[in-house]
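Here are my notes for your next look at the model. Please keep the structure open while you read.

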Amino acid sequence: LLRSAEDSFSGLIATALDGRIGAQPLQLRWLDREGREVSETANLVVQSGGYSAEAIQVGPDRLPLLDPSLGQAETAMLAAIWAQVGPERLWQGRWSLPVGSVVTSPFGGARDYNSGQLISRHTGMDLRGRIGDPVYAPAAGRVVLAEPLSVRGNAIWVDHGWGVYSGYFHLSRIDVIVGQGVERGTYLGAVGNTGRSTAPHLHWEVRIHGRASNPVQWLWRDVGRLP
C-alpha cells in the first residue's frame, strides 16, 4: 500500500491466472498513531475468467523458441523490473488502445504450441496490425526496458507507478529509450513479427506487482481512481 493522502493508503491487487476461485481472505495490518499494531480481515471474491484455449503452430525457423527455459529466463529478468514499485501514480483516467481495435487472441487463454511441445497461459492480449503500424502509449509512464528479447521479440516495458507496468512485444521498431517519459498517445515503435510470433501483431500486456492483469479492464474505467 502507498500513501494516497495525508491519512490514507491505497494499492492495487491482481489475482493469479491459476489461482483459486471463491472468497479469499485479505489481512491488513498497520500501526496506529500511538505505534500499536492493528489488524483487520476482509474477503475478496475471485470469479472465474471463463478463459478459452487455443492451439498454435510455430514454424520450423522458430521451433527453438518453444524451449521453456528461454521464457523462464526472460520472465525472471523482467520480474526484477516488475518488483520496483514507484510511489507516484503516473497515469490519469482510462487507458487507450496502443494499436487498432481488433483482438486476435484474448487475455488468459491456455495455449498449446505444436501439439504439446509447450503449454502456457496468454498473459496479455494480441491486437491485429501490419508490420510498421504505429504503436502508442496507452497511458503516461516511464520506459524501463526497450530491447530485443528472445521469446518476446523486440520489446518495450513502461512503468506507470504503483507497481503497474505495461509491455509491448514482437515489434519491428523500437523508437523510445530507457528513462524516457511518455504520455498517453506517445509513439513507442511499430508492429512487427519478431520473437515467438506466427504473424504480425502486437502483444499488449499489463502487470500489477508482477501479476498479469487483463488489459481490457484498463480501457473500461480508471483502475486507479480512489473512492
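1. Strands (E, at least two residues) and helices (H or I, at least four) are DSSP runs, numbered from the N terminus. Strand 7 (residues 110–113) and strand 8 run antiparallel and are joined by four bridges. Within that pairing, A110 sits opposite R121 of strand 8.

2. A word on what you are looking at. This is a predicted model, where local features need pLDDT of at least 70 and side-chain atom pairs count only at pLDDT 80 or more, while totals for chains, interfaces and linings use all residues. Residues are numbered from 1 along each chain as its sequence is written, and side-chain values use heavy atoms, with hydrogens and water left out.

3. Now the charges. I'd point you to some of the eleven salt bridges in the structure (a side-chain nitrogen of Lys or Arg within 4 Å of a carboxyl oxygen of Asp or Glu). E74 pairs with R152, with the closest N and O atoms 2.6 Å apart. E74 is in helix 1 (residues 68–82) and R152 is in the loop between strand 11 (141–149) and strand 12 (153–161), so this bridge ties together parts that are 78 residues apart in sequence. E74 is buried at 6% relative accessible area, and R152 is buried too, at 9% (buried means under 20%, exposed over 50%, partly exposed in between, with a 1.4 Å probe and protein chains only).

4. Which residues does the D175 bridge involve, and how exposed are they? D175 bridges to R173, again with closest N and O atoms 2.6 Å apart. D175 is partly exposed at 29%, and R173 is partly exposed at 45%.

5. Last, have a look at G179, in the loop between strand 14 (173–174) and strand 15 (181–182). Leaving aside residues up to four places away in sequence, G179 touches R142 and V143 (contact means heavy atoms within 4.5 Å). G179 is partly exposed, at 45% relative accessibility.

How values were computed. Two strands pair if DSSP finds at least two bridges between them.
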